[in-house]
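Dear colleague,

Please find below the structure that I am handing over to you.

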Amino acid sequence: MGQEGGGTSGRGWCVAGRLAQADEKTAPSEAHLGALRLWLQLGMADSAQAQKLVYLVTGGCGFLGEHVVRMLLQQEPRLRELRIFDLHLGPWLEELKTGPVQVTAIQGDVTQAHEVAAAVAGAHVVIHTAGLVDVFGRASPETIHEVNVQGTQNVIEACVQAGTQFLVYTSSMEVVGPNIKGHPFYRGNEDTPYEAIHRHPYPCSKALAERLVLEANGRKVRGGLPLVTCALRPTGIYGEGHQIMRDFYHQGLRLGGRLFRAVPASVEHGRVYVGNVAWMHVLVARELEQRAALMGGQVYFCYDKSPYKSYEDFNMEFLGPCGLRLVGTRPLLPYWLLVFLAALNALLQWLLRPLLLYAPLLNPYTLAVANTTFTVSTNKAQRHFGYEPLFSWEDSRTRTIRWVQAMEGSVQ
Ligand SMILES: NC(=O)c1ccc[n+]([C@@H]2O[C@H](COP(=O)([O-])OP(=O)(O)OC[C@H]3O[C@@H](n4cnc5c(N)ncnc54)[C@H](O)[C@@H]3O)[C@@H](O)[C@H]2O)c1
Ligand SMILES: C[C@@H](CO)CCC[C@@H](C)[C@H]1CC[C@H]2[C@@H]3[C@H](O)C=C4C[C@@H](O)CC[C@]4(C)[C@H]3CC[C@]12C
């Protein structure tokens, strides 16, 4: 917090120093006056956009959260303090603490209302990305609900109590679908009608949490101003740090450089680059104040120029250049057999639960999601707050490939 004027005076001295050198060629009094005027002008311009905002990112040490944190530090010049709240703090945070913005790491649990309240106090904006992302049956439905729903309720109440006016929530495409009936959602937008019915604890929890966030829009926060909220719905995020991509890569290495096609190439699965999702969060947080009437209570799908492909074909965009091969132009196993294996995995998980945690990638839910077309095509974020992807598809691809190549055990 003590850094408010630091950046300003530092830049001011630098300009004054350069002008002093130019002075040698001109009459001293005139030059000094000019320099003084310019210095004052620059100083005032500087203080007009002085670093004054305090942001809080919950889940700031997760896959998406880390990208949001780094993006904020790069792209939000008004930042004075960045608070990073997470159950598990990453060692990489240390390197951020030497920069001009005060970075405060807070180890805490969103299910604990008092911990959330302490972290939110004094923040201008909260970006709530913390969540339990579990579609593999690792955590109980109760725990998923507690973290994703009760945790979000705690964040909302903390904003209200603290007088924090702006709340951005990381929702998910899964709030919409795929639904339990396996209906395709083909290049839909935020207004496309779709029967959003879920049974799995993860999408149920995200849908409930999103509703809480949207319903809280307009609530009076401490001091009497209205809370302004909105929700971002990424499709399947990929990029540096993506754990499932890492798992597929290592599985491919174990299978002698091969992966076996399980999903038809015709099933499109929406994907979006993590850097663009982070950029959307930063932009929304920045624009929410100026465009509260338009953006408050809204949902936005996260999108970019990533191509529409099946889940496996899309992964091969990165794993292919890293030496893996996808075997088969059609699924190697018939669908009924996959359904049987997925059900067997679910049964084994249940039977083994008292002894060990058996949580393979394939289960009835993940099979259904991977086998149902779900893609978005929208420009709502561009229309409402001027979003354009920061990273082209080529950049996103190259960055992700480099990250896979740098992984331990890489064949490169
Ligand atoms: N990964 C995707 O494809 C994807 C797609 C759409 C939406 N999302 C959403 O984006 C958000 C981030 O997902 P991610 O993929 O980065 O997951 P992640 O697991 O990498 O990150 C989640 C972070 O939240 C933290 N967290 C979990 N429980 C917590 C608790 N009780 N208190 C405090 N922190 C807690 C974790 O420690 C982790 O750092 C989630 O809300 C998720 O639902 C993810
Ligand atoms: C049948 C398998 C053979 O290769 C493939 C299984 C792939 C699945 C593990 C993944 C397919 C689709 C993924 C989900 C999707 O990308 C969107 C998500 C939304 C987000 O909020 C959380 C993650 C996820 C549910 C993601 C999880 C993994 C898949 C089900």
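The second largest pocket has a volume of about 560 Å³. Here a pocket is an open set of points on a 1 Å grid over the protein atoms alone, with protein on both sides within 12 Å along at least five of seven lines, and lining residues have an atom within 4 Å of a point; the volume is the space filled by probe spheres set on the points, which are joined across faces, edges and corners. The lining comprises 33 residues, of which His 200, Pro 201, Asn 363, Pro 364 and Tyr 365 are closest to the centre. Two or more lining residues come from each of α6 (141-162), α7 (201-216), α12 (335-352) and α13, where helices are DSSP runs of H or I with at least four residues and strands are runs of E with at least two, numbered from the N terminus.

This is a predicted model, in which local features need pLDDT of at least 70 and side-chain atom pairs pLDDT 80 or more, while totals for chains, interfaces and linings use all residues. Residues are numbered from 1 along each chain as its sequence is written, chains are lettered from A and ligands numbered from 1 in the order in which they are written, and side-chain values use heavy atoms, without hydrogens or water.

Ligand 1 has 25 residues around it (a heavy atom within 4 Å), and Leu 64, Asp 86, Asp 109, Tyr 202 and Lys 206 come nearest. Among its polar contacts (pairs of N or O atoms within 3.5 Å), an oxygen atom of ligand 1 lies 2.6 Å from a polar side-chain atom of Tyr 202, and an oxygen atom is 2.8 Å from an N or O atom in the side chain of Lys 206. On its own, ligand 1 has 820 Å² of accessible area, and the protein covers 85% of this (Shrake-Rupley method, 1.4 Å probe).

Tyr 202 also has a polar side-chain atom 2.5 Å from an oxygen atom of ligand 2. For Ser 172, the distance from a side-chain N or O atom to an oxygen atom of ligand 2 is 2.7 Å; for Glu 312, it is 2.8 Å. The protein covers 89% of the 640 Å² of accessible area that ligand 2 has on its own. In the shell around ligand 2, α13 (364-370) is among the elements that give two or more residues, and its 3 residues are the largest share.

Yours sincerely

How values were computed: A polar contact is a pair of N or O atoms within 3.5 Å; within protein, one must be able to donate a hydrogen and the other to accept it, and residues adjacent in sequence count only if both atoms are side-chain atoms. On a 1 Å grid over the protein atoms alone, a cavity is a set of points where a 1.4 Å probe fits but cannot get out, and a pocket is an open set with protein on both sides within 12 Å along at least five of seven lines; lining residues have an atom within 4 Å of a point.
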